[in-house]
Structures are given as C-alpha cells and as structure tokens.
Amino acid sequence: MRSEYVWAVVIGMALCNYAVRFIPMAFLARLELPAVLHRWLSFIPVSVMAALVVGEVLRPDGRWLPPLQNPYLFAALPTAFVYYKWRSFLGTTVVGILFYLAFRGLLG
Amino acid sequence: MSTTLPQQALCLSAQDRLVRGVRLGFPIFLGYMPVGAAFGILARSWGFSPIQAVACSATALAGAGQFIGLSLMKAGADVASVLIATTVVNLRYVLFGATLSPHVRDAGVAGQAALAFSVTDETFGVNINDLRRGTGDGWSMAGVGVVAWTGWVAGTALGVFGSGLVGDPYRFGVEFAMPAMFTALLVAQAEDKRHVIIGIVAAALTVICMLILPGKWYIVAASIGAATVGSAVYR
C-alpha cells in the first residue's frame with residue numbers, strides 16, 4: 001500500500017469517527033429535551049447492553065455457534081449471577097473469564 | 001478513601017474521580033489489548049508502517065470500523081469508500097452521544113469535545129451506568145476513556161512490535177472479557193421491572209435483527225425498537 005494512501009485513510013478515519021461522536025453529543029447537550037425523549041433515552045442503555053450481550057454471546061467473532069456447544073452462552077449465565085450478587089465489574093469480568101475457560105475446556 | 005459512603009463521593013477531588021474512572025474502566029483495558037494486538041498484526045502485514053498502525057488506533061479508536069477499513073483497503077477501495085464504510089459502521093455512536101448528552105452539560109463544549117473522543121460501545125456502557133447512578137461525572141468518564149484508549153493503543157503497539165512476546169492471548173480466555181463486562185452492565189441496567197422487560201424485548205429484537213441486517217446494525221435497530229416500545233408502553 002502506498003504511504004500517502006494509508007495516511008489519507010488514517011487522518012480521514014480519525015476525523016470521521018470524531019465527528020459522529022462529538023456533533024450529536026454537543027448539539028443535544030445544548031437543547032432542553034422534551035420529556036418523551038428523556039423517557040425514550042432512559043431505555044437506551046438497557047437495550048444497547050442487551051443487544052451487545054446477545055450479539056457477542058450468540059455470534060462471537062461474527063460466527064453463529066450452536067447453543068449447546070457455545071461456551072460464551074454457558075459462561076454468561078453464571079457471570080450474570082455473580083454480578084447480581086457481588087456488584088463488581090472487574091471481579092465479574094475476571095470470574096467470567098474463568099467460567100468461560102471452564103466451559104471452553106468442557107465443550108472442547 | 002477510608003469510606004465508601006455515597007455523600008463522600010461528592011467530596012472526592014478531580015484526581016480521585018479520575019483514578020476511580022481508571023479503575024472502573026480496567027475491564028475494558030483487558031478486553032482491548034488482544035483485539036488491538038490483532039489489529040496491529042493485521043495492519044502491519046497488509047502494508048501499514050508501524051507508526052501508521054499505532055497512529056490509526058490512537059486517533060480513530062474505532063474497533064470494528066478499523067478492521068472494516070483495513071479489509072476495504074486491502075481490496076483496493078478508494079479513500080472515500082473506506083471512510084464512508086468505517087463511519088457508517090460507527091453511526092451507533094450518534095445514539096450513544098445523544099444518550100450521554102444530558103449528563104455532560106456541565107462539562108462545557110471543551111469538556112464535551114474531550115469526552116466525545118473516547119466514546120465506544122464499552123466506555124458508553126461503563127459510563128452511562130455510572131452516570132445514571134449519580135456516581136459518575138466528567139472526570140470519571142475521562143478516567144474510563146484514558147484506560148480504554150491505553151489498552152487499545154498499547155495492544156496495537158504490541159501487535160505491531162512484539163507479537164511474539166506474549167504468544168496467543170486467547171489461551172487466557174481474554175475473548176470473554178468484553179462479553180463478561182457487557183453481561184455485568186446489562187444486569188446493572190436492569191434496575192426495575194420496566195427495564196428488565198425492555199431488556200428482554202431488546203434481546204429478542206436483537207436476534208431478529210442479527211438475522212436480517214448486516215454487520216453491527218442490529219445494535220442500533222434493536223435498541224431503537226426496544227426503547228420505542230418502552231417509551232410507548234410505560235408512560
């Protein structure tokens with residue numbers, strides 16, 4: 001690849017990604033949002049997290065795994081319980097990885 | 001910090017709040033290192049110089065967008081097509097920015113300009129959870145952003161310069177770091193019956209959207225769908 005081509009992409013990618021992050025945040029922070037939009041936005045975090053978990057667990061690395069041979073799926077259930085009981089993100093992440101290693105070993 | 005009483009949180013200095021954010025974001029660091037390393041290795045083998053690969057991660061911080069850009073470049077796409085594709089992939093940041101916007105009013109435009117730089121799926125999850133609980137602020141968000149950025153850039157540098165040093169990080173199961181953190185964040189967001197039900201609606205919509213939409217569009221589609229159901233049903 002030519003160096004100027006790569007640099008053009010690197011610089012352009014930085015600007016484009018920054019624009020989609022900054023413009024909506026800064027623009028909406030200046031407005032007084034109507035109550036209905038506040039209520040709508042209040043459901044966004046739980047919805048985004050549900051979408052991320054389902055996507056990462058059922059189709060890790062872009063490949064669907066059969067549910068009964070899916071260590072991500074088996075590990076996610078006790079991981080959820082550990083967070084529910086313990087309320088620590090770092091602790092849950094570490095324990096979750098251990099669950100995952102165990103199920104990956106068991107399921108081959 | 002000898003006590004964790006909530007009212008003490010308000011008394012923390014800016015530095016303490018920044019450090020608190022770094023701690024909160026540490027799982028992201030664990031998850032970003034190996035993926036950043038994978039990007040570094042791939043970028044290097046497909047014709048990026050070491051400095052270009054690290055600069056790309058340091059300035060774009062774009063995860064999937066970077067990988068898609070890379071594969072389009074390898075296929076010989078022109079600059080504009082690569083930029084359009086990576087931007088479209090990351091349009092979900094618009095939704096994240098909108099959701100964060102009421103919480104960053106006090107930061108001012110300069111603060112928002114700094115905080116916007118580190119918005120990703122992972123930092124959004126950690127920060128919105130913290131902000132909704134009333135424990136987060138601009139400083140803790142900055143701490144989360146710094147530790148996430150460091151993981152992504154250090155991972156890329158590791159992939160570029162020393163992929164032989166650590167061997168295969170996947171033998172440690174690091175590929176489950178992000179799913180584990182998202183799972184914890186999902187449980188944290190399910191704070192009452194309404195949010196549990198909307199989370200279930202979102203999960204069901206996600207499966208449908210994953211089957212019919214390309215790439216990561218299921219995240220935006222399922223979230224917009226579920227939030228719309230939520231705001232229509234619970235008035």
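**Entry 1. The contact between the chains**

I count two residues as in contact if their C-beta atoms, placed from the backbone, lie within 7 Å. The model I am reading is predicted. With that rule I looked up what each chain brings to the contact. Chain A gives 59 residues and chain B gives 80 residues.

Next I asked which elements of chain A touch chain B with two or more residues. I found α1 (3-29), α2 (35-42), α3 (44-58), α4 (71-86) and α5 (89-107) of chain A. The most comes from α1(A), with 20 residues. I then sorted the residues on this side of chain A by type. There are 46 nonpolar, 8 polar and 5 charged residues.

**Entry 2. Domains of chain A**

I checked how chain A is divided. Domain 1 covers 1-31, and domain 2 covers 45-107. I also looked up the distance between their C-alpha centres. In chain A, the centres of domain 1 and domain 2 are 32 Å apart.

**Entry 3. Helix α5 of chain A**

I took α5(A) for a longer look. This helix has 19 residues. From its first C-alpha to its last it reaches 26 Å, close to the 27 Å expected at 1.5 Å a residue.

Which residues of α5(A) are buried? I noted A:F89, A:T92, A:T93, A:G96, A:I97, A:F99, A:Y100 and A:F103. They cover an arc of only 170° around the axis, so they sit on the same side of α5(A). I turned to the face directed away from that buried side. There I found the exposed residues A:G105 and A:L106.

I followed the buried residues of α5(A) to their packing partners. One partner is α4 of chain A. The others belong to chain B: α2 (14-24), α3 (26-45) and α11 (177-189). Last, I checked what follows the helix. After α5(A) comes A:G108, with a positive phi near 70°.

**Entry 4. Chain B as a whole**

I looked up the secondary structure of chain B. It comes to 13 helices and 0 strands.

Then I looked at its dimensions. Along its principal axes, the C-alpha trace of chain B spans about 50 × 45 × 40 Å. Its radius of gyration is 19 Å. A compact globule of 235 residues would have a value near 18 Å, so chain B agrees with that.

I checked burial too. Of the 235 residues of chain B, 53% count as buried. I also looked at contacts in chain B with a separation of 6 or more. Residues 24 or more positions apart account for 74% of them.

**Entry 5. Helix α8 of chain B**

I picked out α8 (residues 108-116) of chain B. Its buried residues are B:Q112, B:L115 and B:A116. They cover an arc of only 95° around the axis, which puts them on the same side of α8(B).

Most residues other than glycine have a negative phi. I noted two residues with a positive one.

A:R87 is not a glycine, yet its phi is positive, about 60°. I located A:R87 in the loop between α4 and α5 of chain A. Is A:R87 buried or exposed? It has 12 C-beta neighbours inside 10 Å, so A:R87 counts as exposed.

B:L61 is not a glycine either, and its positive phi is about 45°. I located B:L61 in the loop between α4 (50-60) and α5 (64-74) of chain B. B:L61 has 27 other C-beta atoms within 10 Å, so this residue is buried.

Terms used
Residues numbered from 1 in each chain as written. Chains lettered and ligands numbered in written order. Predicted model: local features only at pLDDT ≥ 70, side-chain atom pairs only at ≥ 80, totals over all residues. Buried ≥ 20, exposed ≤ 12 C-beta atoms within 10 Å, placed from the backbone. Helix = DSSP H or I, 4+ residues; strand = E, 2+ residues; numbered from the N terminus. Arc of directions from axis to C-beta. Domains from an automatic or database assignment. Nonpolar A, V, L, I, M, F, W, Y, C, P; charged D, E, K, R; others polar. Expected span 1.5 Å × (residues − 1). Rg over C-alpha atoms; globule rule 2.2 N^0.38 Å.
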